Amino acid sequence: MNALLSASHIVKSFPVAGRGRQQVLFDVSASVDAGECLAVIGGSGSGKSTLTRIMLGLETADSGTVTYEGSPVVAGRGGRIAGSSEGFRALRHESGLVFQNPFASLDPRWAVFRSVAEPLVLAGGAGRGNVSRAELVEKVSKALRTAGLEPGDMLSRRPRELSGGQAQRVAIARAIVASPKVILADEPMSAIDVTVRVQILDALAAIRAERPDMALIIVSHDLGVVQHLADRILVLHNGHVVESGPVGAVLGHPQADYTRDLVAAASL
Amino acid sequence: MSVEIRGLNVTIGGHAGSARGGSGRDGSGRDGSGNAVVRDVDLTVGDGERVGLIGSSGSGKSMIAKSMLGLLPRGARATGSIDLGGTEVIGASDRTLADLRGRYVGVVFQNPGTSLNPVSTVAKQIELPLRLHYDLTASERRDRVMAMLDKVGLTADMAGKYPHELSGGQQQRVGIATALITSPKLIVADEPTTALDSIIQRQIVDLLVSLVDDAGASMLFITHDFSVLARATTRCYVIDDGRVAEEGATADLLASPGTPVARELVGSARRLTLSAVGSPAVSSTVSSDRGGAR
Amino acid sequence: MESEGIGRVFAALRALWRRGSGRYALIVLGLWIAVAIVSLFWTPQPLLATDGYHVWAQPSAAHPLGTDGTGADVLSWLMAGSRTNLVIAVLTVICSGALGLLLVGLMVSRSAGLASTTVAVVDALISIPTVLIALLLTVPFGASVGVIVGACSIAYGLNLARIARPSAMLAARSDYVESALAGGASGWYAFTRHVVPNIMPVLTVQLTISAGTSVLAEAGLTYLGVGVGAGVPSWGHSLSTSVKLINVFPLTVVWPGLVVTLAVVALNLLGDAFNSAMDEGSL
């Protein structure tokens, strides 16, 4: 139980118009250690996004618990988010998010600098004077460089002036700028061209090398991406964990039929 | 149906009137005569051939397809020659184009979620091209639609469902059925699998290929992903910055890409494809997507 | 920060000026404001001066636009009226904007109950015509500028909320707001920093058009007797005092009618110019 972030026995269902509720997660457990990269893979509708969102305290569960550094994030009857708990508050400030569509995850009216600096400003709390502008510029520039972008005139650009690959790297810079302990990247490459995916992959790999203690949870349906990044894989299918283990074992010797299909489909 | 494109140029914008103040940075220093998005492209698709167009986004590959269909956005101008089975597309009347598209060309779009009408049932959706372009009785149309549903691997009870009740893969099967219902001689598939996950992606590509081959139709398949291209086409054109950078048999290009662009595309696809997998448990046809409720 | 804001205002004005409709609108608005200021210090004739020997007079050197039924100078009253209408327009923009933003804020709030209640209430209230609201307000408060502003603000505020809701929803449910909230931001922060800037285009266009409509509303309500009080100069007042004898002295009605038309058209065109400037991304 030394995992940085762990979810156990998560059950979740969503209301479906006219047909009661549809269960998307059946008693699913997952955990990630400091410095580890966990890949949650599965097709659309497998529940992979829901599971990871519950882990990061972005959604409630019907039942089950999530703990961050030993304190509950989601817990108790009804699996609610323990909003006032220490675990939840710590997670809020020590996690970063990267979404599928980079343009939807950057405010279209904000310049790159402001978007990337936002987590720092928020972490500074009400007294925004805590962080000097020079310090912000320095941290933002550093985060952008880590994500593979040259700050320069990039700082003053707006999202519409960026390519898809640049925008996603800005979003990654935003996620890492406040030195989080865990990052959730939910299908960070699905919306982007194959050639650009490689850039994102490189950026994420560089970040892992630079921040050896940071945990990364990557949600993907793309095994090609996963094999370059992940240490461990969790395969979800229709809300059940069908397989989990080290990346080499799962991809090299898939046990479940579903995983075998995935592996076959991902090979050229 | 064969396609022959000679010296195709497409420009967007054109005349000096477009004074776009303030936003800057795009336009990248091109002169006032509009933005050339397709430049001097020659391209052929033989009868019954499956040909690919590959390039990154913004390379102009979709514009080539749009000019073939006479569906260029407002403000875009095409010059050159596009011959679709003996009909010249450039300069053709809207009526000719609509007839050509409806009867002889089927289009499969990238995002099945938005290309299907949300308030129309699957059967109505698939039937529409028949109603528009053919004189058939309701029962004849019904028979054709049911036969088509079976061909694309959807069960008969799907006919009465609405798009939002289907999974992404099922939606794209409906998209394919709609494109193929008129037995077109040419299929244009514009990134039909980009929005789907990898297992479903492969199923859809395989389905499309088998249907196109069975019908003896030609296909132009547009993608940015070489691993999809390899399954879908026999020959391909690499498009970069509006030009044809390289062309050849897909397998040859994959094995030895000649130009830097092709090398980058192939390299990316290779890096993102599973390599060195221990036990290749291939070709399981268990499709999680077919028919079943989710 | 300060100079950046001023710079953006100038850039916006320049973008509007480049368009024919925007240029017309800016000129008319500039004139309107200038006349309103001048009228505070000077009008061709004192407002209360009536010339009993020259009622319904034709334009002359002493009365450039003629006189009305009491012999008062039409130009002077129109000039003085311009400041009343300006005040009404400005207050309407401020109040309906504030009400609209408040309602939008409730509509996109993360409490589903609060949001859907607000939507239902707005949908129900929006069917009440501005005139009816004004009539209801007149009962306790009597006819006044305040009633016009109140009625317009309520009606346009509701309308604004309804129109701005979709884009506000888009922003409020976006990934960037979710990131901000996940990073510990408050709902207020997300609303003021992310949602409001993103609905600014809709807001600007809609409020500009509301300002124009307030001019029409003032004229209509004053004619009905629930507008500005007796003796208060306004364009609506000038219209309603002369419209009774439109068959006999049509020219006297033409002047206020013309002024109202010019102003309303200008504000509508300004709204359009804002809209197209923002579509092109130059604002």
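This is a short talk on the interface of chain B and chain A, with a note on chain C.

The model is predicted, so to speak of conventions: local features need pLDDT of at least 70, side-chain atom pairs count only at pLDDT 80 or more, and totals for chains, interfaces and linings use all residues. Residues are numbered from 1 along each chain as written, chains are lettered from A and ligands numbered from 1 in the order written, and side-chain values use heavy atoms, with hydrogens and water left out.

First, the interface. Chain B puts 34 residues into the contact and chain A puts in 38, with contact meaning heavy atoms within 4.5 Å. About 3200 Å² is buried between them, 55% of it from carbon and sulfur atoms; that is the accessible area (1.4 Å probe) lost by the two parts on being put together, summed over both.

The partners are B:Arg271 and A:Asp202, at 3.0 Å from N to O.

Which elements of chain B give two or more residues to the side that touches chain A? They are helix H7 (198-215) and helix H10 (260-271), helices being DSSP runs of H or I, at least four residues, numbered from the N terminus. H10(B) gives the most, with 6 residues.

Last, chain C. An unreviewed UniProt entry annotates residues 82-271 as "domain: ABC transmembrane type-1"; such annotations may be inferred rather than shown by experiment. That stretch of chain C is 82% helix and 0% strand, with its end C-alpha atoms 20 Å apart.

Note on methods. A salt bridge is a side-chain nitrogen of Lys or Arg within 4 Å of a carboxyl oxygen of Asp or Glu.
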